[in-house]
Amino acid sequence: MIMKYINNQLAIAVLAVICSVGAVNAQEIIKDSIKPKPQAGPTKKLKVDGIIATVGDYLVLDSDIDKAYLELASQGQSTKDISRCQMLGGLLEDKLYAHQAIQDSIVVKDEEVKEKMSEQIAYMVEQLGSMEKVIQYFKKDTEDDFRTDLFDIIKTNKLSGEMRRKIVDAVEITPEETRTFFKSIPQDELPVFGAEMEVAQIVIIPKITDEEKQRVIRRLKEIKAEVLAGASFKTRAVIYTDDRASASSGGFYKINRKTQFVKEFKDVAFSLGEGEISEPFETEYGYHIIMVEKIRGQEVELRHILMMPKVSDQALKDAREKIIAIKSRIEKGELTFAEAARTLSDEKETRANGGTLINPKTQDTRFELTKMDPTLYSEVSNLKDGAITAPILDDDPRSGKKYKIITVTNRINEHTADYAKDYIKIKDLALKEKQIKAIAKWTDEKIKETYIKINGEYRDCLFLNNWLKK
């Protein structure tokens, strides 16, 4: 039924992404050879590699399927029920996306690819022990061969991902479409949502001294002067930034006006010209400097360095005492948790809502217990109704150390979907279905207009998409 259809399509999409990780984009023409009939797992017999499919300018080798199986196995995934035909179908989809991305002039910078490649190689070396073992595992003759193939894999994946994103980002869902979707689901097929809870928190951020703020500002000005004198901004971002999310990429971000960054950051970013470096400025996360690298229409490619002022031991002690006092006032009935959050909490995002947390995955106030962040779950799972946690020292990688107290404001038992109560979840399901249909329509149209060839025994595969153009 509809829900099963959505789950099946999502599973296929996931399989396509997984397959693409292990697939290698061939760089030379290899004559096709006689291959065994497709079977349910990677063949163990020695065989001559050959081209089994062509999608636009991309080739798929028989060994690409074996590599996809190896990648799945390395992730602990079972491959016994995945046929070679299914693997090939996923690879074909990925190549079609990448091919069309090039036709649509979607650009993936080599620098981005190299940065991602460095991260992946570092991870592989850590897992396998040495670069030599990595080369041996992927059956390459030299490190240069391995790096060339990995570069092509990552670039193809990035092109494919950008093309997928372009398709689904254009899809929107209306309230009427959401209602129609919900009504179309048979009563006995309605989804069941697991137990959920709503939680609220009060946050006290330790005070930073003016001397510490000035120290950070001076250091950022020194770094700016060093860069203007010829030093690398990227290198200094890797070394000095407190933004862990961008440290490995040298502080790089690509943003537009709709990107979910704080207003102060975007205001400075969009006020600069190419090559300009800002003066130090403050956001709720600390102090920044920004260097704009490229302006592409409505998008800005930039690098930034974030420095968070250090918190003194005395400031931490004062913050803890303050939150203990707030907790005591709530428990004595002097004010409610929501009132305390609105008037005393230092967290802007939750203060206006009485401290209520928003689920970052769903943008709803509910957290499904089986999908809740493990840290948050451990903090609230044993709380009784009306109870408040002891003060928790939270070392947030974005905003630094702070104290918080948490309470559970609502508990929702496992239940069958209700349109009024679960509108956001139902809307998300309706949107996913519409996105799946949009991707299916797009794929069908592009298959018809793209050069595609399937070779040998793989022409006997029963694909979900019309790759054989029958």
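Are Phe-182 and Tyr-419 buried or exposed? Phe-182 is buried, and Tyr-419 is too; buried means under 20% relative accessible area, exposed over 50%, and partly exposed in between (1.4 Å probe, protein chains only). Keep that pair in mind for one of the close-ups below.

This is a predicted model, where local features need pLDDT of at least 70, side-chain atom pairs count only at pLDDT 80 or more, and totals for chains, interfaces and linings use all residues. Residues are numbered from 1 along each chain as its sequence is written, and side-chain values use heavy atoms, with hydrogens and water left out.

View 1. Of the 470 residues, 47% are buried. Now for contacts, meaning heavy atoms within 4.5 Å: among those between residues at least 6 apart in sequence, 67% join residues at least 24 apart. The protein exposes about 25,800 Å², with carbon and sulfur atoms supplying 51% of that; the areas come from the Shrake-Rupley method with a 1.4 Å probe, and for residues only the protein chains shown count as cover.

**View 2. The largest nonpolar core has 44 residues.** A nonpolar core is a set of buried Ala, Val, Leu, Ile, Met, Phe, Trp, Tyr and Cys residues joined through side-chain atoms within 4.5 Å. Those with the most contacts inside this one are Ile-65, Leu-88, Leu-92, Phe-146, Ile-454 and Trp-467. Helix H3 (residues 84–103) gives the largest share of this core, nine residues. Pick out Ile-454: leaving aside residues up to four places away in sequence, Ile-454 touches Ile-52, Ala-53, Leu-92, Arg-459, Trp-467 and Leu-468. Apart from this core lies another, of 15 residues, including Ala-200, Ile-202, Ala-340 and Ile-405. In soluble globular proteins, nonpolar side chains tend to be buried together.

**View 3. Four strands make an open sheet in the order E9-E4-E11-E10, with antiparallel pairing.** Two strands count as paired if DSSP finds at least two bridges between them. Strands E9 (367–368) and E10 (392–396) stand at the edges with a single partner strand each, so one side of each has no neighbour in the sheet. Further in, strand E4 (residues 196–204) and strand E11 (residues 400–412) run antiparallel, joined by nine bridges. One to look for: Gln-201 has Ile-406 in E11 as its bridge partner. Helix H12 (residues 313–331) packs on the sheet, where it touches E4, E10 and E11, and its direction makes about 25° with that of E11. For that angle, axes are lines fitted to C-alpha atoms (for helices, over the stretch in contact), and angles run from 0 to 180 degrees between N-to-C directions.

**View 4. Strand E8 (residues 299–307) has eight of its nine residues buried, so the rest of the structure largely encloses it.** Strand E5 (residues 252–255) runs antiparallel to E8, with four bridges between them, and Phe-252 stands opposite Arg-303 in E8. Strand E7 (residues 286–296) is antiparallel to E8 too, through nine bridges; there, Tyr-287 has Met-307 in E8 as its bridge partner. The hairpin of E7 and E8 has two residues between the strands, and Gly-297 takes a positive phi near 65° in it.

**View 5. Phe-182 and Tyr-419 form a tilted aromatic pair, 5.5 Å centre to centre with 45° between the planes.** Rings of Phe, Tyr and Trp (its six-membered ring) pair if their centres lie within 6.5 Å; planes under 30 degrees apart count as stacked, over 60 as edge-to-face and the rest as tilted. Phe-182 sits in helix H7 (residues 175–183) and Tyr-419 in the loop between strand E12 (415–416) and helix H16 (423–449), so the pair ties together parts 237 residues apart in sequence.

**View 6. Ring pairs link Tyr-253, Phe-261, Phe-265 and Phe-281 into a cluster.** Here Phe-261 and Phe-265 form a tilted pair, 5.2 Å centre to centre and 55° between the planes. Phe-261 counts as partly exposed at 25% relative accessibility, whereas Phe-265 is buried, with a relative accessible area of 3%.

**View 7. Gln-363 has a positive phi, near 60°, in a residue other than glycine.** Look for Gln-363 in the loop between helix H14 (348–351) and E9. At 56% relative accessibility, Gln-363 counts as exposed.
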